[in-house]
Structure formats: C-alpha cells, structure tokens
Amino acid sequence: MSESRVRLRRSAALLAVLLGAVLVPLGLRAVNRAVRPPDAAPSYIPSIESPRVRAPFDSDAVASLREAANDYILIGDSMAGTRIDPGHLSRLIGGHGAAALFHPGSGPAYWYLAFKNLVINAGLRPRVVVFFFRDENLTDTLFRVYPSALDRVAKNQEPVLDEILAARARGAFYRLHGAIRRAYQYDQTRAWLEPIIIRAPVAWSAARRARKTLLDAINNEVFTLEALRPMAAADMAAPGGEALDFDRLLPTSVLPEILRLSQRSGVRVAFVRVQRRPAADGPAPQSPALQEYVRKLRAYLESNGAIFHDDWGDPDQPLSVYEDGDHVKKAFRQAYTELFFRKNPEIFR
Amino acid sequence: MIFASLDFAIFMVVFVAAYWALPRRGQNVLLLAGSYVFYGWVHPWFLVLIAATTAVDYGAALGMDLRPARRKAFLWLAVAANLGLLGFFKYFNFFADNVAAVLAMAGWHVPKPALHVVLPVGISFYTFQALSYVIDVYWRRTPARRSLIDVGAFIAFFPSLLAGPIMRATTLLPQIERARRFSAPAARDATLLLAWGFFKKLVIADNVGVIANKVFALQSPEFYVLWAGVFAFGIQIYADFSAYADIARGVAAWLGIDLIKNFEHPYLAKGPAEFWRRWNISLSTWFRDYLFLPVAYRISDRLPPERRLRIDAATWAYSGGMILTMLTAGLWHGASWNFVIWGAYHGVLLALARIVGAMRKRRRRTRRWLAPLQIAGMFLLTSLGWLFFRETDLAQLVRHLGLSPFESTVLGRRTGAYLFFLALLYSIPLWVQSLWVQLGGRDLGAAMVREEAQPVPWVVAAQALLAGLLVAGILVLRSTTSLDFIYFRF
C-alpha cells in the first residue's frame with residue numbers, strides 16, 4: 001500500500017475516534033427514551049433544565065404559615081439560619097411573631113420563589129418580609145440554582161424566573177452549555193441515573209429495615225451544621241469584576257420582581273446585608289467596586305420603598321463571634337437576634 | 001488557565017492549529033508564548049517569577065559552559081535562586097509561624113510578619129524541572145543550551161507546568177530541539193487518554209472528593225466514617241493527580257511531544273518501594289537522583305563497613321538517606337507539619353522494608369498466593385499515610401488515631417459503610433482499568449504509538465466507542481462540585 005494511502009487511513013482513524021467522542025454520547029437520547037421515568041415533566045425553568053421528575057411543592061409550609069399568620073417572615077440561607085433565632089425574635093416582637101424560611105445553600109431564585117409562592121400568592125400579608133444576603137448575592141441570579149431546594153417552592157410553571165435565568169445565561173459559555181445539553185439530553189439521564197447511584201450503596205450498608213431512613217439519618221444526624229468543624233476559609237470567595245457591576249446585573253436579577261410583588265401586594269420588604277467574616281483588626285475588607293455596588297444597591301432599594309440595613313463594620317459583631325467562614329457561633333445567635341431587633345427600628349416599628 | 005474550562009478548549013484548538021502550521025523555530029516561539037499566556041491567564045505577575053527562574057538557570061548553565069573553573073559557583077547560584085524563590089513563596093508563613101510559636105514558648109510574644117502572597121501555582125513543579133537542567137549541565141549529563149527560547153519553553157512547557165510530570169532536561173529538551181512531525185496514531189491515542197483523564201478528574205475524583213471533604217469537615221467523625229473518608233481521599237488523590245498527568249500527556253502528544261508516565265497503578269504495589277516506583281514517578285525519581293543517591297553515597301562513605309545489628313552499612317546508608325529524602329519530599333508537598341509527618345512515615349516504611357528485606361534475604365521465596373494480601377496490606381499502609389496527608393489539624397490527627405472501631409454507633413457504622421461503598425462505586429472504572437492492565441490488557445496511558453503500519457479497524461472502532469462512552473460518562477456523571485486539582489496547591 002502506498003505511503004499516502006496509509007497516511008489517509010491513519011487520518012481517517014483519528015477522525016473516527018474524534019467523531020466517536022462526539023457522536024456516541026448522542027446515544028443518551030435513545031437511552032433516555034427507553035428508561036426515562038413516566039412522571040418526568042417539563043421543568044419550570046426550561047431555559048436551563050430539561051424535563052425531569054421533580055419534588056412536590058411544599059404546600060404544608062403554606063398551610064402552617066397561614067395558620068401562624070406571622071407579622072414578619074424572614075427569608076435567607078444558612079447566613080440567616082446561624083444568626084436568627086425565630087422563637088427568640090417572636091418573643092421580642094410579640095404579636096404574631098416571626099417565621100423563618102431559611103434554607104441552607106439557597107440563593108436568590110429560591111428566595112424569590114419562597115416570597116412569591118409561599119407568601120404573596122398564598123394570600124399572606126405579613127407586615128414585613130426580610131431577606132438576608134451577602135454582598136452581591138441578590139443580583140447573582142445563577143447563584144445556587146439547586147433543583148432539590150427550588151422544587152419545594154416552585155409551581156409547575158415559573159415563566160418570570162425562567163425568563164430572568166434565560167436572560168442571565170445568555171453569554172457564550174451558557175449558550176454553548178445549553179446547546180450541548182439540548183443535543184445530548186445528558187441532564188435527563190442524570191436525573192434518573194444519579195438517584196440510583198446514590199441509593200445503591202444503601203442496600204449494601206444497612207439491614208432491610210434501616211435502609212429506608214439511612215440517607216435521611218446520614219444527612220440529618222451525621223452531617224449536620226453543628227457537627228462541622230470551624231473552617232475559617234469556608235465559603236469565603238470574594239466577588240469581583242463583572243459580578244459587581246450593579247447596573248448590568250440588575251435587569252437580569254430577581255430583585256425588580258421582588259419589589260414589584262411587594263408594591264402590588266402592599267407587603268413591605270427589607271434587605272439585610274450580613275457582615276462577612278471580619279479581619280482580625282477590623283471589618284471585612286471591601287474593594288472599591290464592592291463599596292460602589294452596595295451604594296447603588298442601597299439607593300435602588302430605598303428609592304423603591306424597601307428597607308436596607310447593612311451589618312458591615314458593626315462593632316458588635318467582631319471576629320470572635322464568628323464560627324466557620326461567614327457563619328456566626330451558635331452561642332451568638334440570640335445576641336444577634338437581639339441586635340437585629342434593636343438596630344432595625346424601621347422594620348419593627 | 002485550567003484544563004477543564006472553555007478558555008482552555010478554545011486556547012488548545014487555536015494553539016494546535018497554529019503550532020502545526022509553523023516551522024520548528026516558530027513552533028518553539030509559539031510554545032513559549034503560549035505557555036506564558038496559559039500561565040499568566042489569571043495572575044500575570046506569576047510570569048515575572050517563571051521568567052526570573054528561566055533567566056537565572058539559562059545564565060547559570062551557560063556560565064558553567066563558558067567558565068568551567070566556576071562551575072560549582074554557578075550551580076550554587078542557580079540552586080540558591082531557585083530554592084530561595086520557592087522557599088520564600090511557599091514556606092515564609094510556615095517559617096514565621098513556627099518561629100513565633102517557639103519564641104512564644106520562651107515567653108517572647110513577637111508579632112508575626114503577615115505576608116498575604118498567593119502561592120504561585122506550579123512553582124514547586126517548574127522549579128524542580130528547572131533545577132534538573134542546571135544540575136544535569138553541572139554533572140555533564142546534558143550540554144548547556146544557547147537558545148533562551150528552547151530553555152524557556154522547556155521550563156514553562158504548559159501541558160505539565162502546573163502539576164507535572166516533572167520532566168528532565170535530558171528527556172524534554174531534545175524533543176523541543178528536534179523537528180516534530182504530526183502523528184495521527186499518537187493523536188488518536190492522545191484523544192483517548194484525554195477523555196480518560198477528564199473522566200477520572202470530573203467523574204471519579206470530584207465525586208469521591210465530595211465524600212472526603214464532607215468527612216474531613218466533621219468535628220468528631222466516628223471510626224468507620226473517618227476511614228471511609230480516608231478511603232475516598234485515597235481514590236480522590238490518585239484519580240485527581242493521575243488525571244492531570246494523563247491530560248498533560250494527551251495535550252503534549254497532540255504537540256508531538258512525549259511526557260513520561262507519572263503513575264503506574266500504584267495501588268497494585270506490594271510494598272513501599274514498589275509503591276514509590278508507581279506513584280508520582282517523575283517526582284520520586286527526581287528525589288532519587290538529585291537527593292537520595294548523593295546523600296546515601298555520602299552516608300555510605302562515612303559509615304564503617306562492618307555490620308551492625310546484623311545489617312550491612314549499605315542498608316543503613318539507604319535507610320538514613322531514604323528517611324531524609326522522604327522528609328524533604330513531604331515538605332515539598334506543602335508548608336505544614338502534616339506533610340512532614342507523611343514524608344517521615346513513608347521514609348520509615350521504606351527503611352523498614354529495606355531492613356526487613358536485608359534480614360530475610362536468604363529465606364526469600366516467590367509466593368504468588370501472597371500477592372493479593374501484600375497488595376491489600378500496602379493499600380492499608382498507604383491509606384494510613386493519606387490520613388496524615390489530608391488532616392492538617394494535628395490535634396484532630398491525634399484524635400483520629402485514638403479512635404476505636406468498637407466505640408462506633410450503629411449509625412456511624414452504617415454511614416461509614418455507605419460512604420465506603422459510594423466511593424467504591426464511583427471508582428469502579430479505576431479498578432477495572434488497573435485489573436485490565438494486570439491481566440495483560442493495553443494501558444490507556446501506555447506510550448503513544450507514533451508509527452503504525454496500518455490502523456486496525458476493530459481497534460479504531462473500540463477506541464471511538466470508548467472515547468464516546470467516556471465523554472457520555474463525563475456529561476452525565478460529572479460532579480456538580482468542581483474541585484481544583486489537588487496538586488495545584490503544591
């Protein structure tokens with residue numbers, strides 16, 4: 001065989017392997033058709049998610065909120081969870097007290113849906129709904145869009161949130177990501193395969209009777225927040241660059257929608273920026289870009305009738321009250337709750 | 001720039017296309033420029049350090065050539081400059097902390113000088129690579145190079161720049177200097193190796209890494225939970241580090257350059273010495289050639305020849321040299337006492353294995369049935385080492401070592417079993433691959449085939465299918481928690 005022919009065959013073989021890498025994964029589509037659970041439904045945020053089986057909306061939460069008819073509802077992630085003791089706050093404010101909708105590892109999409117679906121659309125009219133956040137979280141719409149959390153507060157269709165997410169995910173990276181996802185439908189495969197992988201070792205680890213509750217026990221009894229060791233570096237990534245361009249981020253954030261719902265329903269909203277872990281010799285360092293971002297955020301919120309409170313630089317929250325990362329110590333929780341009550345007369349008027 | 005990013009994918013496509021369109025000299029200029037773009041992508045100031053290292057080592061090697069009477073002075077200048085930079089950026093805070101702690105014990109409370117400097121990623125790797133060049137020139141194993149471009153491209157060679165393998169001047173520089181030809185068979189092997197590398201990183205290492213991170217975030221893990229976490233970490237670090245090496249070799253092969261294989265199925269080792277012949281091969285051979293052998297020879301020269309405790313002088317020299325070398329290797333990994341303990345532990349293991357081996361030499365017989373037990377035993381010893389490596393808090397380490405399996409709760413036992421099996425499940429492809437190679441199958445990481453008479457159709461079809469399955473696996477099972485390559489820290 002001639003040298004050029006051999007060379008051609010070698011190139012064809014290389015091309016075959018490259019094509020194999022690109023084309024074989026398309027088989028996932030066929031696998032999905034054969035294996036996909038019948039109850040997989042289109043996602044409520046189709047711009048970033050394929051059809052999957054979702055966890056049900058938490059109507060129990062709505063029922064208990066309705067029953068309690070609290071004057072204040074607090075929404076946030078573990079930053080709020082480690083700071084606010086809702087029972088203690090209820091005792092301080094009296095009346096119908098406060099309810100907390102804190103979900104560790106949640107982000108603005110969750111906070112928005114909790115506000116919309118568990119409060120406003122459920123017909124609740126508390127005096128104030130308070131959102132706790134860090135730095136630029138409120139406008140970082142793609143921060144922690146975790147289906148396991150969102151499912152509990154999302155209705156079957158969430159066109160407004162989907163539009164916001166789609167607008168946010170418009171960059172080249174997200175476009176490419178979306179195109180690959182649509183082509184291979186790998187997230188549909190993941191939706192049924194991952195639970196199988198997660199659950200399979202349960203059968204090898206516990207007797208038949210204990211299997212049902214093992215994963216819950218692991219999550220709720222072994223890996224609890226209280227069981228973790230202090231980690232100063234936990235979750236301390238500081239934002240920078242485009243993440244701090246308030247004017248650019250605002251239109252693709254849930255913030256205008258939260259304010260619109262607030263104005264429409266007459267429920268006042270407040271936003272509390274919790275203080276990140278301070279330095280040993282003073283408050284947490286802030287870049288000029290972050291200071292400018294916070295200045296614009298405050299102006300925007302206040303001009304739209306919302307209350308803004310900034311914990312940054314609070315001398316009553318020195319480094320010594322912090323546990324891991326930006327979380328505060330459990331022992332400081334009641335003290336923070338009191339500080340929050342005392343330093344926010346506008347909220348608790 | 002990191003491998004698993006869109007930035008790198010675009011960089012790589014553009015780079016490879018431009019690279020093969022250029023003649024050799026142009027390729028080397030592009031290699032140097034591309035490596036600097038790659039390295040300075042996030043922190044451009046890192047480039048100052050690597051450029052300084054290059055200038056010093058290039059100049060020192062040339063100086064040895066031009067002024068042979070001052071060879072030693074040039075060598076020490078280069079060694080001091082390289083280790084000085086490495087020491088400053090990597091060990092300053094460690095040194096300052098420990099000095100302050102010792103002074104505090106003596107009653108002097110001196111404020112620690114705080115230096116908030118980012119550790120330049122890859123500095124440990126390229127410093128050692130650069131040192132190998134000057135030392136080899138000093139030992140006359142390789143000539144000093146006249147081309148700054150070639151030396152610069154050798155030190156900053158981007159595929160292996162951040163986490164190895166640490167290449168020797170005698171191996172990589174000649175490849176950079178000679179004309180390279182695109183090899184479709186090598187690119188085919190490299191594509192498969194890249195897919196396997198990314199699979200190991202994104203699916204295996206990152207998923208089991210989440211388990212290890214969760215366990216080591218616990219304040220008081222029970223015995224079984226802790227050791228499940230250690231097992232997960234053992235898998236994570238192997239999958240993670242070998243993945244980087246595979247990706248580096250795959251990328252380099254697309255550029256017509258062969259990098260050495262850095263891992264040889266280390267968890268199949270039957271003893272400590274074999275483990276180190278299979279684990280991070282480029283680093284262990286670096287330490288062997290540039291530290292252990294000179295030290296062991298020196299100790300050997302000074303020891304009286306008679307046997308002590310029925311052990312000959314050579315074995316004592318080996319043991320002393322090995323413990324010193326492994327202590328240094330431990331410190332190379334990071335400025336922390338747990339790495340020193342890890343290094344000392346492996347040094348003692350190696351020394352003990354050598355001493356026991358020397359004492360039992362006459363009675364040694366090959367017992368094949370013992371091999372699985374030896375592999376399992378070495379895996380357990382390695383895992384104990386990973387506990388030292390992973391646990392940075394010494395108080396916690398002492399607590400972990402005092403844990404008893406009999407004091408564990410039922411939930412603790414079940415959680416440990418669950419985490420162990422979950423880590424095992426994610427790592428099945430890793431074990432299957434090792435078993436496949438053990439049974440005589442072709443290793444995905446074997447040397448790239450540059451020349452072949454003709455592609456065999458069924459082999460090509462199998463490669464295409466495997467590459468596709470690996471990509472599908474990455475798409476579906478990729479961990480949602482993206483972890484940095486562990487060795488970026490070193």
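Predicted model: local features only at pLDDT ≥ 70, side-chain atom pairs only at ≥ 80, totals over all residues.
Over all chains, the count of salt bridges comes to 31. Across the interface of chain B and chain A, however, the rule finds zero salt bridges.

## Interface of chain B and chain A

The contact between the chains draws 49 residues from chain B and 45 residues from chain A. The area buried between chain B and chain A is about 4,000 Å², and carbon and sulfur atoms give 73% of this area. Within the area that chain B buries against chain A, Tyr418(B), Leu475(B) and Val476(B) supply 17%, more than any other three residues.

Polar links across the interface of chain B and chain A amount to four residue pairs in polar contact, counted where both residues have pLDDT 80 or more.

## The chain B side of the interface

Four helices of chain B, namely α9 (184-216), α16 (394-401), α17 (410-426) and α19 (457-477), each supply at least two residues of the side that touches chain A. Of these, α19(B) provides the largest share, twelve residues.

By class, the side of chain B that touches chain A has 30 nonpolar residues, eleven polar residues and eight charged residues.

## Packing of α5 and α12 in chain B

Two packed helices are described by the angle between their axes and the distance between the axes. In chain B, the axes of helix α5 (residues 123-138) and helix α12 (residues 281-302) come within 12 Å and cross at roughly 35°. The crossing of α5(B) and α12(B) is left-handed.

On the α5(B) side, the contact is made by Phe128(B), Leu131(B), Ser132(B), Ile135(B) and Asp136(B). The α12(B) side contributes Leu283(B), Trp286(B), Phe287(B) and Tyr290(B). Taken by class, the contact of α5(B) with α12(B) has seven nonpolar residues, one polar residue and one charged residue.

Conventions. Residues numbered from 1 in each chain as written. Chains lettered and ligands numbered in written order. Heavy atoms only, no water. Axes fitted to C-alpha atoms, helices over the stretch in contact; angles between N-to-C directions. Left-handed = near helix turned anticlockwise from the far one by under 90°. Contact = heavy atoms within 4.5 Å. Nonpolar A, V, L, I, M, F, W, Y, C, P; charged D, E, K, R; others polar. Buried area = accessible area lost by both parts, 1.4 Å probe. Salt bridge = Lys/Arg side-chain N within 4 Å of Asp/Glu carboxyl O. Polar contact = N/O pair within 3.5 Å; in protein donor to acceptor, adjacent residues only side chain to side chain.
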